[in-house]
Amino acid sequence: MAVVRERRQLNLRLPLPELPDRRHRFPQLFPPSAATTNTTGHSISVSELEKLQVLGHGNSGTVYKVRHRRTSNIYALKVVKGDCDPIVRRQLHREIDILRRTDHPQVVCCHGIIEKPTGDFAIVMEYMDVGTLETVLLTTGTLSERTLADVARQVLSGLSYLHSHRIIHRDIKPSNLLVNQKMEVKIADFGVSKIMGRTLDPCNSYVGTCAYMSPERFDPDAYGGSYDGYAADVWSLGLTLLELYLGHFPLVSGPGERPDWATLMCAICFGDPPSSPVGTSDEFRSFIECCLQKESSKRWSAHQLLSHPFVCHAIP
């Protein structure tokens, strides 16, 4: 006799761009001006910043390496045109809001925010002379467990701080983690982050880079209809550390492979979570397992992971 099983209706969702509102959701944060005051109390004017080179381009604008003519200090200057897409402008306001709220050694420092009379925005940030951890991976190769333990400790310190202030990053990945020659690591790019109004506020929008999203973000109905954004940041960190160790994204078989969204979604939702390869230490294997639990409630928090033996051994 044939056995008929009830087929579960899946509600898998790919991240879609947020639709712009009919009206601007954000109030004017500060009056239009060609200058602003940085954290040291000195005024920074755009005219005093000499552009040295372009560091990168993106949907949200261009980032330059600049020198302050009066002090010779080096900064990173992010410039976004005033007539940019409404979604980009909304992300910019969100990033500005978070940068003005945060002050932590492992979160990139904002030295000033400038709105020009033309409507263009400029954010003056600290300059990290190596670039990102993605840059490190491409130029110097994979990272050792010892180096990864120190990277994990620093990122977890920053995440623990953000989470304690109810800020969820939602896009942790190698290209959003800045690094300097001292191997100081700092979390950056808060364009898709979320500030939780209350501890139990839902965080169920589909933003960020889909490759680093946790299973419950793709299939929320299978995990209670929503997801814990704090736990999702931890999942993304686990994938990031594995990628820095392996030299390629953990859910593909080798460098250069780029699966389509459907393949990636199925691997995240229905496959076993990635694990550290044979030959790694018990501490590293355990740490990755604590980050990459498919059930978000079983993942360790950023605060808990700071006491994990893998990270504790990295304390300088």
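In which handedness of crossing does H3 pass H5?

The structure is a predicted model, in which local features need pLDDT of at least 70 and side-chain atom pairs count only at pLDDT 80 or more, while totals for chains, interfaces and linings use all residues. Residues are numbered from 1 along each chain as its sequence is written, and side-chain values use heavy atoms, with hydrogens and water left out.

1. Helix packing. H3 passes H5 in a right-handed crossing; a crossing is right-handed if the near helix is turned clockwise from the far one by less than a right angle, and left-handed if anticlockwise. Helix H5 spans residues 229–246, and its axis lies 11 Å from that of H3, at an angle of about 160°. Axes are lines fitted to C-alpha atoms, for helices over the stretch in contact, and angles run from 0 to 180 degrees between N-to-C directions. H3 is therefore roughly antiparallel to H5, since angles over 145 degrees count as roughly antiparallel, under 35 as roughly parallel, 65 to 115 as roughly perpendicular and the rest as oblique. Helices (H or I, at least four residues) and strands (E, at least two) are DSSP runs, numbered from the N terminus.

2. Residues at the helix contact. Contact here means heavy atoms within 4.5 Å. On the H3 side, the residues include Leu-148, Val-151, Val-155, Leu-156 and Leu-159; on the H5 side, Tyr-230, Leu-237, Leu-241 and Leu-244 are among them.

3. The structure holds nine salt bridges, each defined as a side-chain nitrogen of Lys or Arg within 4 Å of a carboxyl oxygen of Asp or Glu. One of them joins Asp-150 and Arg-153, at 2.5 Å from N to O. Both residues belong to helix H3 (residues 145–164) and stand three residues apart, about one turn of the helix.

4. Salt bridges between separate elements. Arg-299 and Glu-216 form a salt bridge of 2.8 Å, N to O. Arg-299 is in the loop between helix H7 (282–291) and helix H8 (302–305) and Glu-216 is in helix H4 (residues 215–218), so the bridge ties together parts 83 residues apart in sequence. Buried means under 20% relative accessible area, exposed over 50%, and partly exposed in between (1.4 Å probe, protein chains only). Arg-299 is buried at 6%, and Glu-216 is buried at 0%. A further salt bridge pairs Glu-48 with Arg-70 at 3.2 Å, N to O. This pair links distant parts of the chain, 22 residues apart. Glu-48, at 21% relative accessibility, is partly exposed.

5. Cysteines. The count of disulfides is zero, where a disulfide is a pair of cysteine sulfur atoms within 2.5 Å. The closest cysteine sulfur to that of Cys-269 is in Cys-266, 7.3 Å away and so too far for a bond. Cys-269 is buried, with a relative accessible area of 8%, whereas Cys-312 is partly exposed at 32%.

6. Two buried sites. Asp-219 is in the loop between H4 and H5 and is buried, at 2% relative accessibility. Its C-alpha atom is 7.1 Å from that of Cys-269, although the two are 50 residues apart along the chain. Gly-238 is in helix H5 and is buried at 0%. Neighbours within four places in sequence aside, Gly-238 is in contact with Ile-288, Cys-291 and Leu-292.
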